[in-house]
Every structure is written in C-alpha cells, then in structure tokens.
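Please have the model open beside you.

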Amino acid sequence: MKFLKPFAIGLVILVVYSCTNNTKTQRALIDFVPEDTQLVFKIASWDGLQTDIANNSLIAQFSDTKVSAFFSEKATLLHYLEPTSPALLAINKLSDSTAAYTVITRLTEGLFETDSIANKSIETLTYDDISIQRVTIDDQIAFTAVQDSIFIGSSSQRILQDILKGSTEKTETFEKVYSVKSEADFSILYRANAIAVTDSTQYNLGSWATLDLTVLPNGITGTGVLLAQDTVPQLLSVFKGQVPQQNTIANVIPTDALDAVVFTYNDASALKTALRNFEGTQTDPSPTGIFETLSEIGSIELKNGIVVAANSTDAMLTHEALAPFLTEVSSFREVTIYSFSEERLFSETMSPLIPQTNTAFAIQLDSYFVFAPTEDLANQMIIAYKNNDILAATPYYKEAASRLSTSASLVVYKMNGSIGTALSRLFTEAAASEIRSVSIKKYPLAVVQLVHDRDFAHINLVCKEISNGVRLSGSVSEEFTQQIDQEILGPPTFFSNHRTKGQDVVVQDVTNTLHLISAGGKVLWDKKLDGPILGGIEEVDLLRNGKKQLAFTTPSTFYILDRNGSEVAPFPIKFKDKVTQPLSVFDYDNNRRYRFVITQGDEVLMYDRNAQIVSGFTFKNASSEIVQPPKHIRMGNKDYIVIPEENGKLNILSRVGKSRVSVSKKYDFSEIPITYEGNEFVVITKEMSKERISQSGKTASQPLNVSNSYWFTSMGRTKVTLDDNLLRINGKLVELPFGIYTRPTVLSTRQSTYIALTETQENKVYVFTKDGTLVTGFPIYGGSIPQLAYDARTKKILLTTQGDNREIIVYKLH
C-alpha cells in the first residue's frame, strides 16, 4: 500500500541535494532540465531552504543513511554554491545503484567562488566545440558549464553534455506542470507514471505532478496538482466523472495500523468499467449489486494482514446485497461475524486500488462493512472500533484533517512512522533498504489526498510531528482480554499482587467459581464457592506483612483467601442463618487491625482478624431488618458506625456499638449508601430527598427534584451525582448521551481522581477527571460497572470491566 510518492518526495527533501540532473542551454531554466529526469525541485531561496532543512526534525531522522552521506560527502559542489536567484535541482536515476543530480540557476556574481576552496582542482574539457569544467573537491567530481548566462552543474558528465547540445526534449505535460503558478519558496515536480499502490506493484498513476512544499521545523505540508494524459492508460483517469465523496473510513482504521489506501466514488458502474479498461480485462467479477450501495472503500494494512473496509450509503441495502454470500459463524463483543464466500471480490473488482487479498470473514460496524482474511483480524477491528481506538479519534489526525479536504477521490494514510516502499523507490536500491528501515515514531501520520477535477487532481499533503505531551494513540489502551468457560456473575475486581506490585483480576462465574487472572491475562487458579458473593470483594492485609488477601461473604460463609486461592486459617466461618448484606470491613486507624461485620437480617456480628467475636462491640440486634451494610464514617477525630433499618430508624453508633447520635426522624432508605458532607451525615431517601443529620442529631430535609435513577457518591472532596444522563462532578455538569448508566465509581490516587461509569445499552465505558473532562480515548467498550486501580508496577491507572457474557477486559490509562 505504498501509493505515496508525493509524500515520499516531500519527506526526503534532504535527498533533493543528492540526486542528479542536467540542464539545457536556453534563457528559461526549464530548458536546461535533463531528459528522463525523475524529480525537479524548484527553489526560490537557496539559503532559506538550507536553513529550513537543517531545522526540520523529519529530515534529521535520515542523518545516518546513505542518502544523507551523499549530501555531506559526495555532493560537495552543492555546498559551495550561493545562488541569489531561483534555482532548479533535477534528479536522474542512472541505474538501480547510481543517481545523478543537476543544478540549474542564473549566473550571478559570487555564485561559485573557487578561490577559497581547499583541496580542489579545476580543468577544462572540450568535446565537439563544447567546453565544460571538471571540478574536483575533496576527491568528489562534478561538471559545470555556463550557457546563455545560465549556470549548470551536474555530477554526470554525459548529462551535462546532452544539455549543452540541446538534447533535453520535454513533454507537453511536463511543461504544463512546470508552468503551474506558484508563490511557494520550494516546489517539487515528479513523474507519476510508476507509483506504488501496493508494496509489490507499481502503476501509471498520472504523467507529472507538482507540489508546493512548506518545510516546517516539525513537519512538511504541501499542495499541488497531478496531471493525467488521455492517450495513455493512467490510474488517475478511472476517477473521471466521479464526484469525490466524504472520507470517513478513518473511523474504523485502528491506531496501530501501518497504512491505508482509501478511495471514493458516486458511480460504481462507471468506476468498475474504468478499472477494467485500465487493467485490460472485460469481465465484471462483481454482478452482485454490492458496490452500488457503497461510497468509500479502503484497504487497511495491519501487522498481521490486510483488511478491506467500506462505507455504506444505506447499510440495510448493503446487508441485503451481501446476504447471499454470508454465513453466521460467531459473535464477538455483540458483533456478528460472518464467513464471506466471495473472498476475492474486492481485490478482483477494484484492482489495483485494492491489493490482492482474501477476505474470508465479514462484520458490520454501524454503516461500515469490514472484510478480513481471518477471524482474529475481524476481532481486532471490532476491538479498535468498540474502544474508539481509531485513527479519527486521535489528536494528530484531527490536526491533519483541518488541513485536508473533507472529500477526496483517493487518500493514502501512512501511520506509525512507517516509511515504506514508496519512499524507498525514489532512490537507488543501495539506499532503499536503509530508507525502508528508518522508523519515525514522532511522525505517527502522513496523509496524501487526491481530489479529481476534470483531467487533473488536486494534491494535499500533511506530515507533522506529534506535539509534545500528546500521546500517539490516545490515553487508553487494552492490556488484555480473557474468556472464561462460564458466564460472569458479577463485575471483575482488581487484586493487588505483592510480588509484582501489579494488579491481578478476580471474578466469579454463574457456577459460583472464583477465578484469579494475572496481569498478563492468564488464569492462575479457580476455586468453587458455596454461593454467590454478596456485594464486592474486599482486599485486606490480615497478617500485616504486605501480602494481601481476599475477604468476602456468600449467603452462608465468610471467606478470606490468600493469593493462591487457599483459605486463610482460622477462616472460613460458616453460618447457619443466612447472611443478608455484603461484608463490611472497618480499619479505624488504618493500622490493619480489621473489624469484619456480618449482617444476618436484624443481627450484627463483628469479628476480629482471628475470627473471634469482638466482645467489646455491644450492638447485637436492630429493631428491624438492616437494609444496608453497616458503614464506618470518620468526621474529624470521631468515628461513627451507621446502620439503617427497614423501619426507618438510623443507628449512629460509636466504635463499641453504643448510640453516639440520637436520630428521632425515620427515613425510607434508598440503595444509596449513607455518606457525609462536611460535618453532617447525608441520607438519600426513596422519595429522592436529601436528608442532613448533624452530629448533635439535628435534621434538615431538601427535595432533590431528580429522577428515580439518581445516584450519589463521594470520596474525600470529590462529590459525584448521576441523574439519568446528567453527571455532576463537584457541581460541574457533564451531559452524557441518553442511555442507561451504571452507578459512578471514584478512584483517588496521589496524582489524580477519576470517575468511571458504563452505559449498558451501547456498552460504553466513560472515565472523567475530577474537573469533568472526559479522558482522551474514552468511551471504550465495556458492559459492567468499571473498577479502577493504581498499578504500582507500571505507575499507571488500570480499568477492568466485563466484555461479553464470559469476557474480562483490562485497560491501561496512560
């Protein structure tokens, strides 16, 4: 997929000075351009361009290549020229291993001062009444001449002689493209008759192109035109009569793709006929009606293969056209995966725009249809799309798009610093291998657009360095995904690993089996429990040695397990009566002297770390069933234990279980846990009123005027509410898309506070900072309440959530 010569040329302006050219003896500089030249550079300011090149970080990436060595060691003549008027630099490939340059400019005073040059020799050579100078500087040879006040210098004696003899015939197309009006300081003209659309094959794209380039310190941009010739089959001509359509396939290109070639059309029949004429074939391999429902098609090169993506004008019609060739084989993240019987349909119908590839599987992602050679690649495309890990979501694409047309006939994306075959083919084979090996990761994207217009196309080029502080692929990446054998019962939970300092994941399935999954996605152990876990799993350090355990209850047992899945003696504790609330764990002074609270209807049992009843805790029974897990709250230097009852009574106790605050008012408690704000307790009732209780027992009530889905949570100074799709973080309103959301969760680290929640209909996970800003890269795919954790090993925030019914996913926030 290397149809990228415009970009390649712009990318290697350094090479401008390393290739060869010749000139002709006429008043206009164009008349001295050699025959069969490949590239011509029009330079308005010689000194200005050298300064731009010296400051360009992209060109600097090639400093260790043979191309760079050619400029610094072999093309020494160029170092001593000081043109004060416009100049041309032409490049000729002499063979697969050698190239020649020719510089052309008007003879001006001080253009080539030889007196101060050390290690030089100059001799005059005469051939057929033509005199030229052979100039040797530091053992490097060049040839120069002056004709009609035009200075010509070349690394090839033959090229210079041909120029002086007038053997420099130009095509009409070259003269047209040379005459294109330009006010740019630097332009490039190049042959477009051997463009690599794919890695393996070159095609005649057009005749000549010109590109006005802007060489910036952090990149290269350009605009220009490409001319086609009606008398010769050229690929650009297949777009004749087609109206460029909007380019949107960046919405499905994964950020880790290597490159993509995308084209648009509005008349499928005309495009197929034009491609058959270009290829010299007669039979239409696609009498299916599929292409008539599409407006944009692209091939996307991934590390493990090439996929084809298409944007539909009517997804229902496209699916109907595809239906005879589709067979459902599986489902991944709520996307149906089909086998596709017409594996070579796209490559045969749209060759050479689509490379040779077998597309055995098909998926639909909203209006996009994606065809992949393997099911794994189809899954990869689904993951990228669901996680919004796509090119269109990246800041560097958005910056590039602001400089591009929204609708183009042909677009080439070069991604993740890959130079590719197209760039290397500009040079000799000896230099090409080095060019192909150069990786420029600070340049994650280069884009070339062709917008067809009558018998020519407009060209747009953008290749810019990523700005400091902006990540190459957003701020979230998928660490791993793991499938278990049975459906997941409750949301996955992180569990600290004292050995690795990382975070493992624990999850229970519908058979009540508990699974521990390593940070690398490997299932470490399974343990069958006697029932479903009530609420969440608590992480404790029972032995106070940094080695963590899992603490939780089922309806009949209180478990504490070590990280190997073994029961920690003297636990577990089995109960005859049913446990009715999740386990409460109190660590009053953060010294790991835990108190474990079990609720059985109206009864409360408090245990210490030795599985002994805490005799000093005097509260044994409530007057009615307890409706929330007992909770510890600290205000100032005072500890409180709050226990709400079904009859509306709120018990506010001391550490020892004695009443500390007497509350006379009765409440109809909702599921929202009792919390506090400032120095007051806060209760949210089922009637959606906010009840405040002072530490002296005074009460105040405030109607909230919110929906029944309202939720309230807080951590430290961060207060979060959710009312339908209205999320408020410390009072700042964030209006979410309409949907059904899980309760928000809050994670506070030393550096940041994050708020996470999931929209359960579209399965999208959102993460916000405490100032209400959506973290870059979100929303991502997920179907359950997300949990966040700080990973000490990588010093990153991790997020885990459920994927499909049996899938656990872990993401990393960067």
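What is the strand order in the open sheet of four strands? The order is E39-E40-E41-E42, with antiparallel pairing. Here strands are DSSP runs (E, at least two residues), numbered from the N terminus, and two strands pair if DSSP finds at least two bridges between them. Strand E39 (675-677) and strand E42 (699-703) each have a single partner strand, so one side of each is left without a neighbour in the sheet. Strand E41 (residues 689-693) pairs with E42 over five bridges in the antiparallel sense, and lysine 690 has glutamine 702 in E42 as its bridge partner.

This is a predicted model, in which local features need pLDDT of at least 70, side-chain atom pairs count only at pLDDT 80 or more, and totals for chains, interfaces and linings use all residues. Residues are numbered from 1 along each chain as its sequence is written, and side-chain values use heavy atoms, with hydrogens and water left out.

Now to the loops. Methionine 688 is found in the loop between strand E40 (680-684) and E41. Methionine 688 has a positive phi of about 60° although it is not a glycine, and it is buried, with a relative accessible area of 9% (buried means under 20%, exposed over 50%, partly exposed in between, with a 1.4 Å probe and protein chains only). Glutamate 334 also has a positive phi, near 70°, but this residue is exposed at 53% relative accessible area.

| Cis peptide bond | Omega |
|---|---|
| alanine 569 and proline 570 | about 5° |
| phenylalanine 778 and proline 779 | about 5° |
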